[in-house]
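Hello,

Here is the structure we talked about handing over. Please look through it; my notes follow below.

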Amino acid sequence: MEKLIFEKSVKGRKGNYLPALDVPDCPVEELLPTAFCRKEAPALPQLTEVEVVRHYTRLSRLNYGVDTGFYPLGSCTMKYNPKINEDAANLPGFSKIHPYQPVDSVQGALELMAKTQAYLAEIAGMDAVTLQPAAGAHGELTGILLIMAYHTARGDLKRNKVIVPDSSHGTNPATAALAGCQIIEVPSNEKGGVDLAALRAAVGEDTAALMLTNPSTLGLFETQIKEIAEIVHAAGGLLYYDGANMNAIMGYTRPGDMGFDVVHFNLHKTFSTPHGGGGPGSGPVGVKAMLEPFLPKPVILYDEPTQRYLLDEERPQSIGRVKAFYGNFGVVVKAFTYMLMLGGEGLKEASEKAVLNANYLMTLLTEHYDLPYAGPCKHEFVITPRNTQQTGVHTLDIAKRLIDYGYHPPTIYFPLMVHEALMVEPTETENKETLDEFAAAMTAIAREAEENAELLHDAPHLTPVSRLDETQAARKPVLRWKAQ
Amino acid sequence: MSFLPHTREEENAMLQAIGVSSAEELFRDIPRELRLNRPLQLPAGLPEKAVWEEVQRLAEKDRHTDNYLCFRGAGAYEHYQPSAVKHLLSRADFYTAYTPYQPEISQGTLQAIFEYQTCICELTGMDVANASHYDGATALTEAAIMAVEATRRNKVAVSALVHPEYRETMQTYLKRRGVELITLPYADGLTASNDLSSYVNDEVAAVIIQSPNFFGSIEDIGLFAEFVHGKGGLLVACVDPLSLGVLESPGRLGADIVVGDGQSLGLPLSFGGPYLGFMACKEKYVRRLPGRIVGKTVDRSGREGFVLTLQAREQHIRREKAGSNICSNQALCALAATIYLSLLGPDGLAEAGKQCLQKSHFAQQRLAALPGVTIPYAAPFFQEFVVKTAEAPAVINQRLWEAGILGGLELRRFYPELENHLLVCVTEMRSREEIERLVQVWGGDR
């Protein structure tokens, strides 16, 4: 392991990034009351630039990214992130513009945002889009607040319950709770879809919304979606589409046509923007026309008479702002660039190949693993290991062993409804050899589980650290470095 | 431009293995009436060169800080970004990785977050920090929710001089939860402190103060902390981390939760995002802190390493009982801030802060000497200050803009009572010559 940057620090070392002060050097005590002045300097590292560069270069080499290798992390859509995206976001006309500079001087940025909104609306079958939410969960919150504003504006004040299936992402119920709603969880049926009888029993005059991912977290298309929409709409509720799995359906079907009223997009999944080790993402939200008045402000408008884009703050019914300024603009630039490259047909083809790759890999893997819910799958699928009772080898062991074979493991133990789940999403940008080699590794691991369980229990063997003690980390939290 | 690898032969072999005759067949579970039976109405795909020309065409429509002089801040600041920051961020092992769910192959991200948490604790004087939040506005909002949950009280008192967009964001989140926002009025460029007891009683979960505040003035955090603690509530401070090389840490002044936007630590303006929300608190609130937290532990051979920890707080475990819904955060921006702080070190950060302080005071003096310009507030400030003008601010700003200068923000945009007031920002980026140019054009001399 690499020492902490603080442990490499030597008092007195530094870089010089600024020219000397060229205005009169007024004593700080004359400018500020002593009580406001810092008494003790923060213990930040003291290093030269080369030391900092080497430190973080070495840290980067302890990581695994999409550029390192295959990353079949289900629900995360770890597709290739085209390099031109990065260059586009770094153009000074995008990266060096102030959010409060005159609107006439940011027409390029606004045009890019307006076009991105239009493309996303078309892809999802929605009437309007906001780019303000910074991530998927942030989009979910925005969407639920929009739905609540809609009910409230109609004087329909009883609606306080949000229905989520048991296969949903954890962010769905957490979002509804953050928005002050109560949560009703409905079970799945034997095919992995929504249990319609349970849904019928759950809806009522207090139903605000149903939140659904389609395809579901099992990677299965919810074929009953029209009926589901009818049940929820008939009860007076609205339908929220969690767009985490949008990569499966672009150009094939649209949430708006399925009956959804609100949708969020994960630009850092479907639209190829990199995940940055945890963010920044971007979670635009699309809505049907009746929800448009409630969108977060400001809204981008095109003013025909003056032929320019404007930021409209006069939105009396708006839910308000969900963050400062206009969203993670730099991320939006990358997604826009990606959409320009692929075009409408290319996006459809991306979905087609994502589904092809997933079904091909599912076919290969189910020779040695079980498939609790039958396909065809869409962009991802969920498998489980065989004979865990006899072998004592569990999903975690398989995931750790995959690391030794040079892969990032799939998502594990999710969805919660599947015991020992391995959720695999290959994405469309992987070639056949990669899928074949991954399947061979999984086959070899299945054999190892039968023959040499210890090998798996002790995996990974080839990483700078072996399995880490998470219990100790939580029981005696050490959350920062401290000077000795 | 396409990123799809399969040749026709490969695709045929794959279809055969699956047992279907075409990829279309894999979509047979989508009911016919739900299928989109027309092409998506997006422009046709373009080769990379044509895409580059199109994004360049758009970018060139915008005026940017390479070709104008920026004297505007208001929550988004132009500071110097050392080249090494951008170069290290562009290492693909950092930026193409997901959240570090598999610690054995994510020690780079995990250690960097641990170092980031340490930097934020050092700057703010807090015990623990999370791995980041979306931006200053959302971090502040979640801090308010933390305070409400920790005290089981339902009112939050927020200074009118907290960034207006942060307050609007807080309002959006809190009104659905039935939390009442009380606005503390301002006087003389600072949050008024003479009549606090009419706003803050023992039903108030937290007093929220920004310092430097939206007008650039430095608030007496200690005074508000003492008052709210006397009522059993918490003090939430929203700060600019770049100022903390010069200004006292909010922890020392009595803050319980410290948040803010880390954009000033080496992140580009980028039209308002992606920025960096940071959140730090005292030890006793750690289990209410939302978002990812990295902790140090050992592996099976006793080697030190890092993991995501205290995950029982989070949505993927607790679902509707989680304190927040946050999942993706701003990890790469947190890395940028960590690299920035490591390059500058304590001396470099203090130097940057000192230059902001000195240059903004120099600019204030020069502007105050112009006829028709007055300084309405005497409060101490860091890098932004308010000026009142006899001439209409829009006219002054138009004159400046035509001369390639982005002038101060017209405050009536957020404070309708402040006609003819401008909020001017001067960071370490501006040279004496540039400040003098501002003063010259402002005064009517082009």
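In which sense do strand β6 and strand β7 of chain A pair, and over how many bridges? Strand β6 (residues 262-265) and strand β7 (residues 285-287) of chain A are antiparallel, and three bridges join them. Within this part of the model, H264(A) is placed opposite V285(A) of β7(A). Please keep in mind that the model is predicted.

The sheet in chain A

The two strands belong to an open sheet of seven strands in chain A, with mixed pairing. Its order reads β1-β7-β6-β5-β4-β2-β3. The edges are taken by β1 (128-130) and β3 (182-186) of chain A; each has a single partner strand, so one side of each has no neighbour in the sheet. From one strand to the next, the twist averages 25°.

Helix α5 of chain A, residues 107-124, lies across β1, β6 and β7 of chain A. Its direction is at about 125° to that of β1(A).

Chain B as a whole

For chain B I have overall figures. The chain holds twelve helices and 17 strands. Its C-alpha atoms fill a box of roughly 80 × 55 × 50 Å along the principal axes. Chain B has 446 residues, and 60% of them count as buried. Among the contacts in chain B with a separation of 6 or more, 73% are between residues 24 or more positions apart.

Regards

Key: Residues are numbered from 1 along each chain as its sequence is written. Chains are lettered from A and ligands numbered from 1 in the order in which they are written. This is a predicted model: local features need pLDDT of at least 70, side-chain atom pairs count only at pLDDT 80 or more; totals for chains, interfaces and linings use all residues. Helices (H or I, at least four residues) and strands (E, at least two) are DSSP runs, numbered from the N terminus. A residue is buried if 20 or more other C-beta atoms lie within 10 Å of its own, exposed if 12 or fewer, and partly exposed in between; C-beta atoms are placed from the backbone. Two residues are in contact if their C-beta atoms, placed from the backbone, lie within 7 Å. Two strands pair if DSSP finds at least two bridges between them. Axes are lines fitted to C-alpha atoms, for helices over the stretch in contact, and angles run from 0 to 180 degrees between N-to-C directions.
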